[in-house]
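Morning, everyone. Please bring up the sequence and the structure, and we will walk through them together.

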Amino acid sequence: MNFTISSPANAVIGRYNLTLQVTSGNSIFSRFLGQFVLLFNPWCPGDDVYMANENERQEYVLNENGIIFVGNARYIEARGWYYGQFQDHLLNICLTMLDLSLYYRQDPAIDVARRGDPKYVGRVISSMINGNDNDNGVLLGKWQGSFHSHENPSRWDGSVVILQKWRQDNYKPVQYGQCWVFAGVMCTVLRCLGIPTRLVSNFNSAHDVDRNLSIDKYYDSSGKSLNIGKDSTWDYHVWNESWFIRPDLGTSYNGWQVLDATPQEQSR
């Protein structure tokens with residue numbers, strides 16, 4: 001007997017158990033046939049992550065290698081990064097990441113029911129890439145001081161070893177990461193789940209703490225700098241963009257959506 005499974009384009013992603021049930025008269029026979037995994041599908045026009053251009057699908061879904069731009073506006077450095085989203089055990093690690101999240105632990109039924117929505121999955125993954133919320137996140141961030149007892153963030157050159165170490169250490173955050181490391185790992189996980197994703201680097205990157213859309217510096221009457229404001233400008237910052245539609249906002253917002261896994265402030 002041959003049979004075909006046709007899933008809805010908005011089906012929940014994750015692991016599924018396949019069971020065959022045969023009814024004959026008053027007898028019911030059930031047999032477990034196996035397990036399969038359902039992912040987002042950028043090739044399916046009905047999927048929220050559908051990407052029409054094949055060259056873009058090759059780049060933003062299937063490419064396991066990339067370049068991350070870091071440095072400063074006057075000296076931009078290109079670092080190679082190995083995403084490795086199709087390597088052994090990576091899919092299981094990414095699916096386990098969803099099940100370790102605070103969202104799942106607080107309400108498993110609601111969390112799983114929302115996993116057909118790339119907006120929601122992107123939000124969960126962006127939270128899980130960092131370990132700042134006591135949620136078994138993948139990476140701890142560190143930007144100053146000594147790194148001698150753990151890995152210097154500048155030494156990472158790919159996501160696979162980080163995710164494997166996270167699993168081997170029983171899902172304790174790997175030390176340490178900085179913005180490009182968070183973004184590189186997040187790109188791996190989202191591509192692995194079928195969501196087209198890329199990295200964006202921004203130089204002279206403004207960090208506006210008080211939300212007035214300006215970087216404020218204060219001086220006294222003699223021109224001496226006053227250490228009052230908390231606004232700052234970083235040499236650079238790296239984050240992610242993922243491709244999906246926004247039925248909640250309207251078609252003009254379809255396309256690349258910003259996701260940032262670097263833990264800067266408490267997320268709301």
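Let me start with a question. Is Ser127 buried or exposed? Ser127 is buried, because its relative accessible area is 15% and the cut-off for buried is under 20%. Ser127 sits in helix H5. Set aside the neighbours within four places in sequence, and Ser127 is in contact with Tyr103, Asp133 and Asp135.

Now the overall picture. This is a predicted model. Mean pLDDT for the protein chain is 93. Of its residues, 99% reach 70 or more. Among the elements, helix H1, residues 54-62, has the highest mean pLDDT, at 98. Strand S9, residues 225-226, has the lowest, at 88.

What does the chain contain? Seven helices and eleven strands. The C-alpha trace spans about 95 × 45 × 35 Å along its principal axes. There are 268 residues, and 40% of them count as buried. The chain exposes about 15400 Å². Carbon and sulfur atoms supply 48% of that area.

A word on contacts. Take those between residues at least 6 apart in sequence: 63% of them join residues at least 24 apart. And charges. The chain has 23 positive and 27 negative ones, and their mean positions are 4 Å apart.

Back to the region around helix H5. That helix covers residues 118-128. How buried is Ile129? Its relative accessible area is 0%. So Ile129 counts as buried. Beyond four places in sequence, Ile129 touches Met97, Gly137, Val138, Leu139, Phe182, Val185, Met186, Val189 and Ala261. For a distance, take Trp156, 27 residues from Ile129 along the chain. Their C-alpha atoms are separated by 15 Å.

Next, Ser101. Find it in the loop between helix H2, residues 90-100, and helix H3, residues 102-106. Ser101 is buried, because its relative accessible area is 1%. Leaving out residues up to four places away, Ser101 touches Asp111, Val124 and Met128.

Now move towards the start of the chain. Leu38 is in strand S2, residues 27-38. Why does Leu38 count as buried? Because its relative accessible area is 18%, and buried means under 20%. Not counting residues up to four places away, Leu38 touches Ser7, Ala11, Val12, Ile13, Gly14 and Tyr16. Val174 is 136 residues from Leu38 along the chain, and their C-alpha atoms are separated by 28 Å.

On to the annotated part. UniProt, in an unreviewed entry, lists residues 171-263 as "domain: Transglutaminase-like". That stretch is 15% helix and 40% strand. Its end C-alpha atoms are 18 Å apart.

Where is the cis peptide bond? It joins Gln175 and Tyr176, with omega about 10°. Tyr176 lies in strand S6, residues 174-177.

Asn204 has a positive phi, near 50°, and is not a glycine. Asn204 is in strand S7, residues 197-207. Arg211 also has a positive phi, near 60°. Arg211 is in the loop between S7 and strand S8, residues 218-219. Is Arg211 buried or exposed? Arg211 is exposed, because its relative accessibility is 61% and exposed means over 50%.

Last stop, Trp243. Strand S10, residues 232-244, holds it. At 24% relative accessibility, Trp243 counts as partly exposed. What does Trp243 touch, not counting residues up to four places away in sequence? Val49, Tyr50, Met51, Ile195, Pro196, Gly255 and Trp256. Look at Tyr50 in that list. Tyr50 and Trp243 are 193 residues apart along the chain, yet their C-alpha atoms are separated by 8.0 Å.

To recap the burial cases. Ile129 is at 0%, Ser101 at 1%, Ser127 at 15% and Leu38 at 18%. Trp243 is partly exposed, and Arg211 is exposed. That is the tour.

Definitions and conventions. Residues numbered from 1 in each chain as written. Predicted model: local features only at pLDDT ≥ 70, side-chain atom pairs only at ≥ 80, totals over all residues. Heavy atoms only, no water. pLDDT = per-residue confidence, 0-100. Helix = DSSP H or I, 4+ residues; strand = E, 2+ residues; numbered from the N terminus. Buried < 20%, exposed > 50% of the residue type's maximum accessible area, 1.4 Å probe, protein only. Contact = heavy atoms within 4.5 Å. Areas by Shrake-Rupley, 256 points an atom, 1.4 Å probe, with all protein chains shown as cover. Lys, Arg positive; Asp, Glu negative; His and termini not counted. Charge placed at Lys NZ, Arg CZ, Asp CG, Glu CD. UniProt positions renumbered as here; feature names shortened; annotations may be inferred.
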